[in-house]
Amino acid sequence: MFDKFKQSKLFFWSLEILVLATLALVLSKINFLFAPVGTFFSTLFAPVLIAGFLYYLLNPIVVFLMKTTKIKRIYAVILVLLLLVAAIVLTVVSVIPNLINQISQLAENIPTFAKNMETWISKIADDPVFKQIDFAQQLENLNLSYGSLLQQFLSGLSTSLGSIVGTIASATMIIVTVPFILFYMLKDGEKLVPNIQSVLPEKRRNQIIELLGDLNKTLSNYISGQAIECIFVATFTFIGYWLVGVNYAFLFGVIAGITNLIPYLGPYLGLIPAVLVTIFDDPFRALLCGVVVLVVQQLDGNVIYPNVIGKSLAIHPLTIILVLLVAGNIAGLLGIFLGVPFYAICRTIVIFVIRLIRDDKSKKNQEKLIELDN
């Protein structure tokens with residue numbers, strides 16, 4: 001009976017789980033050996049992530065230039081990087097000053113917004129339904145004066161000065177290293193698959209190369225599609241806000257484009273700043289902001305998304321929401337942005353492994369049938 005149990009799947013998986021648990025326990029006791037490795041990967045994570053994002057945006061342009069102009073890849077890469085530098089300079093010269101100007105104007109008008117909110121709440125307080133609530137005391141508890149807000153901001157700034165210096169140092173390192181990583185990614189990216197192929201076992205070589213192609217296609221579709229979507233949403237949200245007369249339309253359009261990276265929830269998160277600025281002064285204009293976002297999202301969902309990203313991810317909306325909740329709880333804002341593509345990659349790998357197991361079983365069954373026929 002014991003011999004039969006040893007040959008069962010229950011014994012096999014119990015032994016596997018026990019080995020993994022023991023390995024995890026041992027590794028947790030000697031984690032000081034892996035601390036330098038963790039530091040190494042955490043240091044490279046941001047530069048490689050940004051360079052990889054730019055690679056998937058720029059590599060199609062490099063391939064297009066090579067096909068149309070028949071130039072070598074190295075020259076196409078240099079040309080694309082020069083265009084990228086020109087685009088960054090143009091953005092810094094034209095876009096950033098407008099953003100800074102609107103942000104400074106918004107900061108200067110914070111007392112006005114606070115006063116409008118107090119007036120709005122006071123009007124509500126005059127309603128007999130709300131007479132029992134002491135709104136004046138609640139406003140005093142909120143302490144919305146400009147001086148208190150400024151004081152809170154300065155105290156927070158002084159306490160986080162060390163982290164600000166560290167952030168500036170990290171940003172400087174990223175700015176210096178990303179161009180070099182991106183250059184070699186664009187220059188030698190096409191050599192990655194052949195190099196991997198040369199070290200793979202011959203039995204699984206074609207299947208693993210197929211998996212790498214699927215992963216590359218998934219990432220390429222998602223990243224390039226999201227970039228186009230964000231530009232579309234930012235541009236047309238800005239135009240819509242400008243047409244309905246919303247102040248700081250350019251700033252709110254940029255915010256809408258950035259928050260659009262968060263699936264399903266992003267568009268409505270991007271709407272909040274525009275509504276907060278307008279609702280206490282002109283509720284009808286705040287309603288028009290909602291109409292603008294609704295129209296832009298309808299165009300995006302029915303025209304841009306199907307044609308740019310299509311059904312390549314094929315992830316159910318409920319799954320995306322659950323992924324966002326879990327990823328946000330684990331890794332915060334970074335998890336919200338990276339949760340869906342990470343899930344898409346894992347899903348592609350799992351589907352591939354399941355298909356591989358099924359193919360192997362089918363092949364073995366066919367071999368058995370052939371042996372029986374013989």
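This is a predicted model: local features need pLDDT of at least 70, side-chain atom pairs count only at pLDDT 80 or more; totals for chains, interfaces and linings use all residues.

Student: Ok, which residues make the nonpolar surface patch?

Tutor: Tyr264, Leu265, Leu269, Ile272, Leu276, Leu318, Ile321, Leu322, Leu325, Val326 and Ile330 make a patch of about 1,100 Å². Patch residues have over 30% relative accessible area and no salt bridge; nonpolar side chains (Val, Leu, Ile, Met, Phe, Trp, Tyr) are joined within 5 Å, like charges within 9 Å. Areas come from the Shrake-Rupley method with a 1.4 Å probe, and for residues only the protein chains shown count as cover. A salt bridge is a side-chain nitrogen of Lys or Arg within 4 Å of a carboxyl oxygen of Asp or Glu.

Student: Which helix gives the most to the nonpolar patch?

Tutor: H14, with six residues. Helix H12 (266–278) and helix H14 (317–373) each supply at least two. Helices are DSSP runs (H or I, at least four residues), numbered from the N terminus.

Student: And which residues gather in the patch of positive charge?

Tutor: Lys203, Lys361, Lys363, Lys364 and Lys368. Lys and Arg count as positive, Asp and Glu as negative, and His and the chain ends are not counted. The place of a Lys charge is taken as NZ. Lysine 364 is in helix H14 and is exposed at 55% relative accessibility. Exposed means over 50%, buried under 20%, partly exposed in between (1.4 Å probe, protein chains only).

Student: Is cysteine 230 buried or exposed?

Tutor: Cysteine 230 is buried, at 12% relative accessible area. Cysteine 346 is partly exposed, at 30%.

Student: Last one, the loops. Where is lysine 70 found?

Tutor: In the loop between helix H3 (31–69) and helix H4 (73–108). Lysine 70 has a positive phi of about 60° although it is not a glycine.

Student: What about phi of tyrosine 248?

Tutor: Near 60°, again positive in a residue other than glycine. Tyrosine 248 lies in the loop between helix H10 (205–243) and helix H11 (249–259).

Student: Are they buried or exposed?

Tutor: Lysine 70 is exposed, at 70% relative accessible area, whereas tyrosine 248 is buried, at 8%.

Technical notes. Residues are numbered from 1 along each chain as its sequence is written. Side-chain values use heavy atoms; hydrogens and water are left out.
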